[in-house]
Amino acid sequence: MGRRLSIDETALSKGELYTINPIKSAKGKKGAIVAILAGTKVEPILEQLLKIPKLLRDKVKEITLDMANSMKMIAKKCFPKAIQVNDCFHVQKLALEALQDIRIKHRWKAIDQENEQIKQAKHKQIEYQPETFDNGDTRKQLLARSRYLLYKAPNNWTQNQYIRSKILFNQYPDIKKAYNLVQGLRNIFNTATSIQTAYTKLAHWYKNVEKTEFKAFNSITKTITINY
């Protein structure tokens with residue numbers, strides 16, 4: 001048993017979910033796994049983990065987990081002396097989902113706008129000609145095709161993605177703001193060398209979030225835990 005554990009769910013085969021409980025210091029090598037349990041239901045997992053002697057479970061001082069209430073309950077009952085730390089991967093995933101939600105809302109508006117323009121063109125008995133940007137995308141296509149570039153850092157964009165991003169951010173400044181927030185959060189997790197540095201950078205990130213009207217990003221600030 002290690003002082004620092006993780007608890008998470010994963011699909012190992014045929015889409016079936018399993019709950020895994022590795023020791024973080026083992027870094028995936030021999031002796032890393034405390035338990036692999038079928039399913040994600042709380043009671044069966046508790047039943048198995050509570051078979052581990054309490055003396056060993058009390059050695060755990062920190063447990064990293066996603067933000068599912070089931071995982072929090074398992075951690076609290078099985079490892080009561082451990083501090084719970086939200087996994088930075090899941091925090092960043094929330095930020096990315098918030099960014100994509102903004103893009104999707106604009107896409108639905110673009111679809112409705114295009115449908116209305118087609119309807120008006122048909123009523124006037126003229127051929128509908130959609131608006132196109134310099135790269136050949138229509139507005140609807142721009143928003144659909146920008147999905148993957150928003151997941152990536154700018155230095156990983158292809159030339160076409162770079163051109164598309166310039167058009168996208170020019171047309172939708174709110175998407176650009178949200179994208180910059182995602183990149184800023186990612187940089188904090190990837191580059192901070194100490195807890196003090198991380199918290200200083202997070203304080204600036206929080207201020208940037210507060211300047212926006214993105215409710216989803218404001219809720220993310222309450223989930224972040226920095227630990228070294």
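Good morning, colleagues. Please keep in mind throughout that this is a predicted model.

I begin with the strands. Strand E4, residues 62-65, pairs in the parallel sense with strand E5, residues 83-86, and the pairing runs over four bridges. Between the two strands the chain passes through helix H3, residues 69-78, and this β-α-β crossover is right-handed.

Another strand, E3, spans residues 33-38 and contains Ile36. Together with Leu12 and Ile33, Ile36 makes a nonpolar surface patch of about 290 Å². The relative accessible area of Ile36 is 47%, so this residue counts as partly exposed.

I turn now to the salt bridges, of which the structure holds seven. One of them joins Asp58 to Lys81, with the closest N and O atoms 4.0 Å apart. This pair links distant parts of the chain: Asp58 sits in the loop between helix H2 (54-57) and E4, Lys81 sits in the loop between H3 and E5, and the two are 23 residues apart. Asp58 is buried, because its relative accessible area is 12%. Asp58 and Lys81 also belong to a network of salt bridges with Lys54.

A further salt bridge connects Arg164 and Asp137, at 2.6 Å from N to O. Here again distant parts are linked, since Arg164 belongs to helix H6 and Asp137 to the loop between helix H4 (88-123) and H5, 27 residues apart. Arg164 is buried at 14% relative accessible area, and Asp137 is buried at 1%.

Glu131 and Arg139 form a salt bridge as well, their closest N and O atoms being 3.3 Å apart. In this pair, Glu131 is partly exposed at 42% relative accessibility, whereas Arg139 is buried at 16%.

Finally, the aromatic residues. The count comes to five aromatic pairs. One of them is the tilted pair of Trp157 and Phe169, with 6.4 Å centre to centre and 50 degrees between the planes. Trp157 lies in the loop between helix H5 (139-145) and helix H6 (159-171), while Phe169 lies in H6, so the pair ties together parts that are 12 residues apart in sequence. Trp157 is buried, at 14% relative accessibility, and Phe169 is buried at 13%. Trp157 and Phe169 form one aromatic cluster with Tyr179.

Phe214 and Phe217 are both buried. Their ring centres are 5.8 Å apart and their planes stand at 50 degrees, so this pair too is tilted.

Thank you for your attention.

Note on methods: Residues numbered from 1 in each chain as written. Predicted model: local features only at pLDDT ≥ 70, side-chain atom pairs only at ≥ 80, totals over all residues. Heavy atoms only, no water. Patch = residues over 30% accessible without salt bridge, like charges linked within 9 Å, V, L, I, M, F, W, Y side chains within 5 Å. Areas by Shrake-Rupley, 256 points an atom, 1.4 Å probe, with all protein chains shown as cover. Salt bridge = Lys/Arg side-chain N within 4 Å of Asp/Glu carboxyl O. Buried < 20%, exposed > 50% of the residue type's maximum accessible area, 1.4 Å probe, protein only. Pairing = 2+ DSSP bridges. Right-handed = clockwise from strand over helix to strand, strands pointing away. Phe/Tyr/Trp six-rings, centres within 6.5 Å; stacked < 30°, edge-to-face > 60°.
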